[in-house]
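Student: I'd like to go through the side-chain interactions in this one. Can you take me through them?

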Amino acid sequence: QVQLVESGGGLVQPGGSLRLSCVASGSFFSINGMGWYRQAPGKQRELVAFISSAGTTNYADSAKGRFTISRDNAKNTVDLQMNSLKPEDTAVYYCNAVALTATMGLSQYWGQGTQVTVSS
């Protein structure tokens, strides 16, 4: 199994910055893609940013130019640097990873989520 633990959420004023971090632990052979999703109240969960094991990145249009995703394959971590935050960025942010394990094969895993609130 794979456990994902996020940290770094909180309350920030519009225009401010936050850095989210996620670390993967457990028993797995490898971690393929990692990403960050978010879910605002009353809305569906949506992809914010994705990074492959080779470092290829993909961003939602709303995140382009403001957010940067990065990962450390040696430490099994993925970070999301969020700048120029807007009230509409308020949501629960979830870490996501696709990992290869002996028991589950290639499967998708989720963290428990971390709240990001952008408000003055």
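Tutor: One term before we start: buried means under 20% relative accessible area, exposed means over 50%, and partly exposed is in between, with a 1.4 Å probe and protein chains only. This is a predicted model, where local features need pLDDT of at least 70 and side-chain atom pairs count only at pLDDT 80 or more, while totals for chains, interfaces and linings use all residues. Residues are numbered from 1 along each chain as its sequence is written, and side-chain values use heavy atoms, with hydrogens and water left out.

Student: Fine. How many salt bridges are there in the whole structure?

Tutor: The search finds 5. The criterion is a side-chain nitrogen of Lys or Arg within 4 Å of a carboxyl oxygen of Asp or Glu. One of them joins Asp-61 and Lys-64, with 3.1 Å from N to O.

Student: Is Asp-61 buried or exposed?

Tutor: Asp-61 counts as exposed, because its relative accessibility is 65%.

Student: What does Arg-19 pair with in a salt bridge?

Tutor: Arg-19 pairs with Asp-79, at 3.2 Å from N to O. Arg-19 is in strand β3 (residues 18-26) and Asp-79 in strand β8 (residues 77-82), so the pair links distant parts of the chain, 60 residues apart. Strands (E, at least two residues) and helices (H or I, at least four) are DSSP runs, numbered from the N terminus.

Student: What about Arg-38, what does its side chain meet in a salt bridge?

Tutor: Asp-89, with an N to O distance of 2.9 Å. Arg-38 lies in strand β4 (residues 30-39) and Asp-89 in the loop between β8 and β9 (91-101), so this pair ties together parts that are 51 residues apart in sequence. Arg-38 counts as buried at 6% relative accessibility, and Asp-89 is buried at 0%.

Student: Which residues are in the salt-bridge network with Arg-38?

Tutor: Arg-38, Glu-46, Arg-66 and Asp-89 are linked in that network.

Student: What else does the side chain of Arg-38 reach with a polar contact?

Tutor: The side chain of Ser-62, at 3.3 Å. A polar contact is a pair of N or O atoms within 3.5 Å; within protein, one must be able to donate a hydrogen and the other to accept it, and residues adjacent in sequence count only if both atoms are side-chain atoms.

Student: New topic. How many aromatic pairs are there?

Tutor: The search of the whole structure finds 1. The rings of Tyr-37 and Trp-110 have centres 4.9 Å apart and planes at 70°, so the pair is edge-to-face. Tyr-37 is in strand β4 and Trp-110 in strand β10 (residues 105-110), so the pair ties together parts 73 residues apart in sequence. As for cut-offs, rings of Phe, Tyr and Trp (its six-membered ring) pair if their centres lie within 6.5 Å; planes under 30 degrees apart count as stacked, over 60 as edge-to-face and the rest as tilted.

Student: Which charged end sits over the ring of Trp-110?

Tutor: That of Arg-45, 4.6 Å from the ring centre. The charged end of Arg-45 also sits over the ring of Tyr-94, 3.7 Å from its centre. The rule is NZ of Lys or CZ of Arg within 6 Å of the ring centre and within 35 degrees of the ring normal.

Student: And disulfides, how many?

Tutor: The search finds 1, with the criterion being a pair of cysteine sulfur atoms within 2.5 Å. The disulfide joins Cys-22 to Cys-95, S to S 2.1 Å. Cys-22 is in strand β3 and Cys-95 in strand β9, 73 residues apart.

Student: Why is the disulfide of Cys-22 and Cys-95 given a handedness?

Tutor: The torsion about the S-S bond is about -80°, so the disulfide is left-handed. Cys-22 is buried at 2% relative accessibility, and Cys-95 is buried at 0%.

Student: Last one: where does Thr-101 lie?

Tutor: In strand β9, and Thr-101 is buried at 3%. A polar atom of its side chain lies 3.0 Å from the backbone nitrogen of Met-104. Beyond its neighbours within four places in sequence, Thr-101 is in contact with Val-2, Ser-27, Phe-28, Phe-29 and Tyr-109.

Notes. Contact means heavy atoms within 4.5 Å.
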